[in-house]
Amino acid sequence: MTSAKPPHPLDELAKLRLLPILTVENPAHIAPLAQALIAGGLPCAEVTLRTTAALEALKALAARGDILAGAGTIRTVAQAKAAVLAGARFLVSPACVPDVLAWCRDNAVPITPGCVTPSEVELALSYGVKAVKFFPASNFGGAATLKAYAGPLPDVKFIPTGGISLKTLPEYLALKNVLAVGGGWFASKDDLAAGRFPEIEQRVRDAVIIAKQL
Ligand code: 3PG
């Protein structure tokens, strides 16, 4: 008997439509964070490789098995390898780094690289990328820019991140070329330091309600 193949991570994200971006200083925060995500109805997260605790945090999140765990801020092949080893099912990069894109293509690892211009989008697609990160979204024209890209780049799906909030979330989710919306605002550094997990859960819940309406 063969077991069912898990859905492609990007298909899972396309269903959830939201991607919390977690920058974790203390791996002990992963358990209450995961609990807040699950209770809020959003079983996915990107852990950024920006702290010394990041890989341990990613490992703990991925090992649970009930959350789609990815790794962000991937800028080198070494980071990509370490993140996959720690259990990341998808990678996110702030940029299009050719070495990293080639490694992901050759190892069938899904990656959403950061793109701002159509030329960067085309570069990403040439490496077999299925969706790109639009970063930093609010600085580069926000939802209006993605709306303009829908005409000449009709096949491209975007994950906008950077400067988005619960307030501006609907503008992005209303666009057909937006696969999911990411953000660090689900769980800020201050929230984590102060242990404000009920507030994080409520924010997740609110975003999930908005995503279900659009
Ligand atoms: C990132 O990769 O850090 C994200 O784009 C987060 O941006 P935000 O914190 O402004 O949501």
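**Salt bridges in the predicted model**

Being 4 residues apart in helix α10, Arg205 and Glu201 are separated by about one helical turn. In this predicted model, the side chains of these two residues meet in a salt bridge, with a distance of 2.4 Å from N to O. Both partners are partly accessible: Arg205 counts as partly exposed at 30% relative accessibility, and Glu201 is likewise partly exposed, with a relative accessible area of 22%. The pair belongs to a set of 6 salt bridges found by a search of the whole structure.

A further salt bridge joins Asp191 to Arg203, and the closest N and O atoms of this pair are 2.7 Å apart. Asp191 lies in helix α9 (residues 189-194), whereas Arg203 lies in helix α10 (residues 197-213), so the contact ties together parts that are 12 residues apart in sequence. Asp191 is buried, because its relative accessible area of 5% falls under the 20% limit for that class. Arg203, in contrast, is partly exposed, with a relative accessible area of 21%.

Arg105 is partly exposed, with a relative accessible area of 43%.

Methods: Residues are numbered from 1 along each chain as its sequence is written. This is a predicted model: local features need pLDDT of at least 70, side-chain atom pairs count only at pLDDT 80 or more; totals for chains, interfaces and linings use all residues. Side-chain values use heavy atoms; hydrogens and water are left out. A salt bridge is a side-chain nitrogen of Lys or Arg within 4 Å of a carboxyl oxygen of Asp or Glu. Buried means under 20% relative accessible area, exposed over 50%, partly exposed in between (1.4 Å probe, protein chains only). Helices (H or I, at least four residues) and strands (E, at least two) are DSSP runs, numbered from the N terminus.
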